[in-house]
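User: I'm new to this one. Can you put it up and walk me through a few parts of it?

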Amino acid sequence: MKISKSRNRHAVTAVALGAVLALTATACGDDGSGAGGDKGAEGSGKGKIVFWDNNGGVRTEIWKEIIADFEKAHPDIDVEYVGIASTEYQSKVDTALQGGGLPDVGGVGSAMIAGFAAQGALEPLDERLAGSSLGGKLNKDMVESLKAAGGGDDKLYSIPTSANNGVLYYRTDLFEKAGLQEPTTWDRFYEAADKLTNKGRNEFGYTIRGGAGSIAQALDAMYGQSGITSFWDSSGEKTTVDDPKNVAALEKYAALYKKVTPAADLNNDFTKMVAQWDSGTIGMLNHNLGSYQDHVKALGVDKFRGIPQPTGPGGKRVQVSNPVDGLGLFKSGKNKEAAWKFIEFATSKAENSKFNEAAGQVPSNTDAAQDAWISKAEPTKLAADALSDGSTTIVQLPYYLPDWNTISKADNEPNFQKVLLGKMSAKEFLNTMAEQLNTAQEEWNQQHG
């Protein structure tokens, strides 16, 4: 059947992400030359490479530490750091793909791999990895997850850096004061969101993500409540996003806006949302492990907890996968040997551990993953436990679709804002997205059947 390979790829990726957390991105670089398809050159292994950090600002400090370590170990290589906000990164790379100026080394996440690879922009890394000091040192499930997202040729285009997962952060002090139970179920979540809201005192139970990155969070809330465990139906051709159970779940979730959330949430990207929660009196926040250290700095460890997402029907936890990200090598780079040395160094035990401790995420390097700090970062430990104890089912998002990033961002983020504002129904929103996804899946099946 034409769908067999596609369905198998869903299964491989779901298993991989169910065994571990999903990854967050870290980096990217630009040598000012070439566009997609340019073969580039190995170079001398010395000289300059340019590194674009795709989470600029948030991770700037730790990346500069890692770069300093690298330049000390490799004094004949200079790394120019360029920090790019996560909300701007995709468009910047897309522009470089069309007009030239692609990075030497770059942050290439699962949501981006298929599109980049289809344009011939990325260097396959399988042979480099096998012959490097990283061979056998990277979490196999993370590597397989990135391969599965790569577009169907079973090649590795990105080296995993860290694992991330969705977390429900809540203010323990506010919950205790209100006599509320921990929001471990969706029913408790909605009860707390309502009870912690007092608009007259500018107190809100929840902050919702209405701006950039809103779709993944909305999908997480939908599938978590509906209990549907697959993104595609049994045929592998039709998405389940517009299933009546998901429509009802989104209606309930979107109705939180302005009722128990600030009105400004309409334009929330993750930086605005996190900053608002850290500085205000908002009860709950859905984000991921990446913001844990921000909350510690703002609130201390005694005023909040980060727990796995609430459980739904039958006490089962269903979550959508977070993007699997890592460091990729662009074909157009003129100094690939030096760029690879940087990737290899950044994902070595010491540096991978350093990065992930700062980010509050799970290391991809298996030796780094044994470091003691992980057990001290409670949300990281709880998330890892939830994904290994059988309590959680991961709904794998179709990162392998070249159109996924466009569908989940540019095409539908504005529509989700319309849903929040009451200008579009949840059903119409999900029907529109489903039509786009089904078309993209049909094209994928025809090409890979």
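User: Where does Asp154 lie?
Analyst: This is a predicted model. In it, Asp154 belongs to the loop that runs between helix 6 (140–148) and strand 5.

User: What about phi of Asp154?
Analyst: Phi there is near 60°, which is a positive value in a residue other than glycine.

User: And is Asp154 buried, exposed or partly exposed?
Analyst: Asp154 has a relative accessible area of 44%, so it counts as partly exposed, the class between 20% and 50%.

User: Which loop holds Asn202?
Analyst: Asn202 sits in the loop between helix 8 (186–195) and strand 8 (204–207). Asn202 is not a glycine either, yet its phi is positive, at about 60°.

User: Buried or exposed, for Asn202?
Analyst: Asn202 counts as exposed because its relative accessibility is 56% and the cut-off is over 50%.

User: Switching to the sheet: what is the strand order?
Analyst: The order is 3-2-4-12-5, in an open sheet of 5 strands with mixed pairing. The edge strands are strand 3 (77–83) and strand 5 (159–160), each of which pairs on one side only.

User: Which helix packs on the sheet?
Analyst: Helix 3 (residues 86–99) does, touching strand 2 (47–53) and strand 4. The direction of helix 3 makes about 135° with that of strand 2.

User: In what sense do strand 4 and strand 12 pair?
Analyst: Strand 4 (residues 105–107) and strand 12 (residues 326–329) are antiparallel, paired over 3 bridges.

User: What is the bridge partner of Gly106 in strand 12?
Analyst: That partner is Gly328.

Definitions and conventions
Residues are numbered from 1 along each chain as its sequence is written. This is a predicted model: local features need pLDDT of at least 70, side-chain atom pairs count only at pLDDT 80 or more; totals for chains, interfaces and linings use all residues. Side-chain values use heavy atoms; hydrogens and water are left out. Two strands pair if DSSP finds at least two bridges between them. Helices (H or I, at least four residues) and strands (E, at least two) are DSSP runs, numbered from the N terminus. Contact means heavy atoms within 4.5 Å. Axes are lines fitted to C-alpha atoms, for helices over the stretch in contact, and angles run from 0 to 180 degrees between N-to-C directions. Buried means under 20% relative accessible area, exposed over 50%, partly exposed in between (1.4 Å probe, protein chains only).
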